[in-house]
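Here is a short report on one structure.

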Amino acid sequence: MKIDPHTHTNHSDGTDSPAELMRNARSAGLDIIGLTDHDGTSGWDEAAAEVPECGVGLLRGMEMSCVREGITVHLLSYLHDPDDADLIEACRKTIDSRENRAQAMVTRLSKDFPITWENVLRFAPDEGPIGRPHIADALVASGAFENRGACFEYVLHPSSKYYVRHWSPDPVEATEMIRAAGGVPVIAHPRARKRQKLLPLEVIEEMIEAGLAGVEVFHRDHSPEDRDFMLKWAKDRDMLITGSSDYHGDGKPNRLGENTTPFEVIQEIEAQGKLDLIMP
Ligand code: AMP
Ligand code: FE
Ligand code: FE
Ligand code: ZN
């Protein structure tokens, strides 16, 4: 079984539609794919409708934005109740704050680059979260930069003068909220150092106390040293261990199936989750 449990569509900052994602999953030889758009589940139904046709199983998930002391934490939630009021409210507040934040970043950028809010909106999802990747798309379309990666390196990084923070729930509260909604919380790419200051391990310990189920260890943003360190750290704490591509379509070089998760781990996630896998 080849399983890639963390990917994005154009319902957040990926570029495939959910149906395209499912077809690309089949082409990549995946047996099961996890759809984990940022801060929402609006892509689930379209992806689920493709399961019988494309023959790839679907693990329904979401990547929740959280913040602790200015450090962003990405928390995967698997198989939670998509109608849970507290989770929906937390995601709505994040999406609202992201919109204000993106407008503030565009105001700053517009002093030095040919960028407008209208152009950013052309690349953003209708209802989903607006992120820096959509600002990057507008900058690339204007010819200012080659691709999203260059935008992040030069103007979108947290250390840049154009960067503005957004509100999101604390990762410990979010872990509790996900469990209360019947979901299975797994921390995404905890050692992705290039993005920002590293999250202290003590915070992940707190999240374990709050119900964290697993740690995403195998991810291209982890160095071999960090991967080995995190593998041992997570094993010592009886965490489920996952690996994924974090595929974003054309928005990133990440390819479907470049990291995977064993079926036994997915079965344990299913056992703990409120919903089931959708299999062909
Ligand atoms: P934001 O959600 O606004 O904080 O932006 C973070 C998102 O940007 C992440 O979810 C990634 O998908 C994306 N991202 C981060 N670094 C890069 C990069 N170097 N190239 C392309 N996308 C990136
Ligand atoms: Fe993303
Ligand atoms: Fe992430
Ligand atoms: Zn992701």
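## The shell around ligand 1

How do the residues of the shell around ligand 1 divide into nonpolar, polar and charged? Two are nonpolar, six are polar and six are charged. Here Ala, Val, Leu, Ile, Met, Phe, Trp, Tyr, Cys and Pro count as nonpolar, Asp, Glu, Lys and Arg as charged, and the others, Gly among them, as polar.

This is a predicted model: local features need pLDDT of at least 70, side-chain atom pairs count only at pLDDT 80 or more, and totals for chains, interfaces and linings use all residues. Residues are numbered from 1 along each chain as its sequence is written, chains are lettered from A and ligands numbered from 1 in the order in which they are written, and side-chain values use heavy atoms, without hydrogens and water.

## Who comes nearest

The shell holds 14 residues (a heavy atom within 4 Å of the ligand). Nearest are His38, Arg98, Arg101, Arg132 and His248.

Three helices, α3 (85–109), α5 (132–141) and α6 (148–156), each supply at least two shell residues. The top contributor is α6, with three. Helices are DSSP runs (H or I, at least four residues), numbered from the N terminus.

## Atom pairs and cover

A side-chain N or O atom of histidine 38 is 2.9 Å from one. For a backbone N or O atom of arginine 132, the distance is 2.7 Å. The protein covers 87% of the 490 Å² of accessible area that ligand 1 has on its own (Shrake-Rupley method, 1.4 Å probe).

## Cysteines

The whole structure has zero disulfides (cysteine sulfur pairs within 2.5 Å). For cysteine 66, the nearest cysteine sulfur belongs to cysteine 91, 8.9 Å away.

Terms used. A polar contact is a pair of N or O atoms within 3.5 Å; within protein, one must be able to donate a hydrogen and the other to accept it, and residues adjacent in sequence count only if both atoms are side-chain atoms.
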